[in-house]
Amino acid sequence: MARHDAYREEVIGRANVGDTPELVAYYEELAKYETGALWTVANKIEPWQPKSESVPVVWRYRDLREHVLRSVDLVTPEQAGRRVIYLNNPGRREVSAAVGWLYSGLQVMHPGEVASAHCHSSSALRFIMEGRGAYTIVDGHKMTLGANDFVLTPNGTWHEHGVSEEGTPCIWQDGLDIPLVNALEAGFYAVHPDLNQAVTHPVDDSTAAWGGVALRPYGETWNKPYSPLFKYEWEPTYEALRRYAATTDGSPYDGVLMNYTNPATGGPVMATMGASMQMLRPGEKTKAHRHTGSFLYQVAKGKGYSIINGRRYDWQERDIFCVPSWAFHEHANASDSDDACLFCFNDLPVMHALKLYREEALAENDGHQPLIG
């Protein structure tokens, strides 16, 4: 006989109904009408706190790079649509997510290759890992890209990618909210009728107009739900972190952290995904905290480790790792002489918009987790 009381709890205010032959017969009758008794699943679907199905993972670039490059000899961008090796979280395989409701993958293109233009309901971003000559075109705006540059392709925009003939093989990380959009059953996809779009604005015009620090271009109006600054360059980002680090103690949990923002609103770069860059100063070790929201990190510079739910995960430049929702985590820079920088994208805009964000610091052991195993 199947159990229907597996989630009962002997706590006042929680479902605590044991199976009886009469109740089991009742449940079986309900099932005939595609219904069920809430008390048999209430404690499962309303847990005391978040229980992420995602698990912490480190995807090591030194392990993946050869396989990513090999895909160039196996499929063309035209055949694949996008030549990408996606990151699979063991707890989220059924939705092809890297963590939570976020998707990520490593895309590679060779000089002279161009992927066809398309648009979709999902929001997307790219973080350039290596190579020279990469570019992205978004609604006629062309952005040239270098290592550690971060570019947006917001939902509903026509976008395409390529590498110039004079460039070198390029690899970048893709980040999208595909699993979230699919969970909401709201996904649409379209291929550009001409396969490729025309460049209708001066190259790198969004950076020229909107990239000034605390400066807004005169006469520019912007009312779209994403940033008009499609490209965020590495050099000014790193310089901003260095200058900020000289004037602040930083966060006890994240070191010196700065969020990428929409310069027109001061809010996140897109409605469903946010992004940040943080610096861990030489020898810095942060304290542990946890929060709702899923985080995917890429090591932009340096090496170190993170402790996630009591387990240590070492990382170095170009490695990618995830922190599931409500997992205690802390970070450490392994170098005593150089800083380390972590790029991150997350679903915090969704958490904040839906009033679901919650954060908690680890109170015990001076804020540091004891290691497991």
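Helix α7 lies across β13, β14, β16 and β21, and its direction runs at about 55 degrees to that of β14, where axes are lines fitted to C-alpha atoms, for helices over the stretch in contact, and angles run from 0 to 180 degrees between N-to-C directions. The model is predicted, and local features need pLDDT of at least 70, side-chain atom pairs count only at pLDDT 80 or more, while totals for chains, interfaces and linings use all residues. Residues are numbered from 1 along each chain as its sequence is written, and side-chain values use heavy atoms, with hydrogens and water left out.

Helices (H or I, at least four residues) and strands (E, at least two) are DSSP runs, numbered from the N terminus. Helix α7 comprises the 12 residues 234-245 and reaches 16 Å from its first C-alpha to its last, close to the 16 Å expected at 1.5 Å a residue, the expected span being 1.5 Å times one less than the number of residues. Trp 234, Thr 237, Tyr 238, Leu 241 and Ala 245 of α7 are buried, and they are on the same side of α7 because they cover an arc of only 95 degrees around the axis, taken from the directions from the helix axis to the C-beta atoms. An α-helix has 3.6 residues a turn, so residues three or four places apart point the same way. The face of α7 turned away from the buried side carries the exposed residues Glu 235 and Arg 243; buried means under 20% relative accessible area, exposed over 50%, and partly exposed in between (1.4 Å probe, protein chains only).

The buried residues of α7 pack against β12 (231-232), β13 (256-259), β14 (274-280), β16 (295-301) and β21, with contact meaning heavy atoms within 4.5 Å. An open sheet of six strands has the order β1-β19-β16-β21-β14-β13, with antiparallel pairing, and β1 (58-59) and β13 are its edge strands, each pairing on one side only. Two strands pair if DSSP finds at least two bridges between them; β13 and β14 do so in the antiparallel sense over four bridges, and Asn 259 has Ser 276 in β14 as its bridge partner.

Ser 335 lies in the loop between β20 (329-333) and β21 (340-346), and at 16% relative accessibility Ser 335 counts as buried. The side chain of Ser 335 reaches the backbone nitrogen of Asp 338 at 3.0 Å. Leaving aside neighbours within four places in sequence, Ser 335 is in contact with Pro 282, Gly 283 and Lys 303.

Notes: A polar contact is a pair of N or O atoms within 3.5 Å; within protein, one must be able to donate a hydrogen and the other to accept it, and residues adjacent in sequence count only if both atoms are side-chain atoms.
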